[in-house]
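Student: I would like to learn how to read helix packing and strand pairing. Please take me through a case.

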Amino acid sequence: MKKNVALIFGGKSGEHEVSLSSACSIYNNIDKQKYNIYTIGITKQGDWMYYEGDSENIKNGNWVNLSNKNAKINLIPTKDKKIGIEVEDKFYEIDVFFPVIHGPYGEDGTIQGLFEISNIPYVGCSVLSSSIGMDKIMCKKIFKEGNLPQVEFAYTTEFEFKKDKEKVISDIEKSIKYPMFVKPANLGSSVGISKVKTKDELEKAISEALKYDRRVIIEQGINAREIEVSVLGNDEVYASVAGEIIPAKEFYDYEAKYISESSKLLIPASIDENLMEKVRDMAIKAFKMIDGCGLARVDFFIDKDTNEIYINEINTMPGFTKISMYPKLWEASGIKYKDLIDKLIDLAIERFNQKNSKEVCK
Ligand SMILES: Nc1ncnc2c1ncn2[C@@H]1O[C@H](COP(=O)(O)OP(=O)(O)O)[C@@H](O)[C@H]1O
Ligand SMILES: [Mg+2]
């Protein structure tokens, strides 16, 4: 029996376009012998729409105008209606959700919560692991518990900062040296992030980051090489070889990530065997620390001056185009893009069955 997979893409975050590219690649490469694929796009305003047609229209954004305005997407279970898509007189029941949405409302546990309510398997991390992975402050606290090496960090809130800027700044300066990185706690794609070298810049950068989030993290800036590892699995977790990003700019900001062509991926990373093993182990440990399932990409820094290694972050829905780091690392480790999609769907069903076998709400 073919399974009905609902590929969900787009979304309200700044990474909307990346999501469209990832979805187009998944659509083109998913095994059509095994799966019927239904595409649901979420506009930048947050509207869910059913789109049926050429995958190129997903990538170029035309799906919004071409989507079927009469289709109804049923996500909340009721007595007389299953979870699925109602199009004219047809009803496509959904067996698995494949959300490929990055950043807030896609990677932060919110959409995962909706799938839990729907009671349908979904690809990727759970509500809890997604929300921890997305929150740079919580994630650092969890990694600390696992003794994973991290740069020094501090955090503040809009409330604290408005109440007493001087105290917040002087507390940060007591524990961290310049340069520092200032980041909104919950965002992605380098939005709202600044590198600062003076007190004046620090104050401005916190205000800037507070435009995006109530909470802000401040980190010790290092002269970093950027190393990334892909992980895959539920209870049995595997790590790919590590890759390295050679950014086109001083740091891997939005422009270097998505606009400029000159950032390069080096696979495998040019590190010795020992370090390679170490980062792969750390990637698995980080994934387990947040109780991840399905997939994640774990990002590290290697200090160019001291060769120390630090974990930077875990991305629970990494970029997934055919040329993105996540699938590329698996390709270099022996899993083809098409098989990776298959594996992720199997893992979604495995985790769903595991959860549903427990005596919780029966
Ligand atoms: N503590 C740091 N030291 C040096 N560079 C950093 C530091 N934190 C972030 N960066 C640079 O900024 C980029 C974006 O930061 P990151 O925390 O990965 O945010 P995002 O979630 O937006 O990807 C990193 O890829 C790196 O180039
Ligand atoms: Mg990052």
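This is a predicted model: local features need pLDDT of at least 70, side-chain atom pairs count only at pLDDT 80 or more; totals for chains, interfaces and linings use all residues.

Student: How are two packed helices described?

Tutor: Two packed helices are described by the angle between their axes and by the distance between those axes. Here, helix α1 (residues 16-29) packs with helix α13 (residues 337-356) at an angle of about 95°, and the axes are 9 Å apart. Angles of 65 to 115 degrees count as roughly perpendicular, so α1 is roughly perpendicular to α13.

Student: Which residues make the contact between α1 and α13?

Tutor: From α1 come Ser 22, Ser 25, Ile 26 and Asn 29, and from α13 come Tyr 337, Lys 338 and Ile 341. Sorted by class, the contact has three nonpolar residues, three polar residues and one charged residue.

Student: How do the strands of a sheet pair?

Tutor: Strands pair through backbone hydrogen bonds, either parallel or antiparallel. In this model, three strands form an open sheet in the order β4-β5-β6, and the pairing is antiparallel. The twist from one strand to the next averages 20°.

Student: Which are the edge strands?

Tutor: They are β4 (72-74) and β6 (90-93), each of which pairs on one side only. β4 pairs with β5 (residues 84-87) over three bridges, and Lys 72 stands opposite Glu 86 in β5. β5 pairs with β6 over four bridges, with Val 87 opposite Lys 90 in β6.

Student: How many residues lie between β5 and β6 in their hairpin?

Tutor: Two residues lie between them, and Glu 88 in the turn has a positive phi of about 45°.

Definitions and conventions:
Residues are numbered from 1 along each chain as its sequence is written. Chains are lettered from A and ligands numbered from 1 in the order in which they are written. Side-chain values use heavy atoms; hydrogens and water are left out. Axes are lines fitted to C-alpha atoms, for helices over the stretch in contact, and angles run from 0 to 180 degrees between N-to-C directions. Angles under 35 degrees count as roughly parallel, over 145 as roughly antiparallel, 65 to 115 as roughly perpendicular and the rest as oblique. Contact means heavy atoms within 4.5 Å. Ala, Val, Leu, Ile, Met, Phe, Trp, Tyr, Cys and Pro count as nonpolar, Asp, Glu, Lys and Arg as charged, and the others, Gly among them, as polar. Two strands pair if DSSP finds at least two bridges between them.
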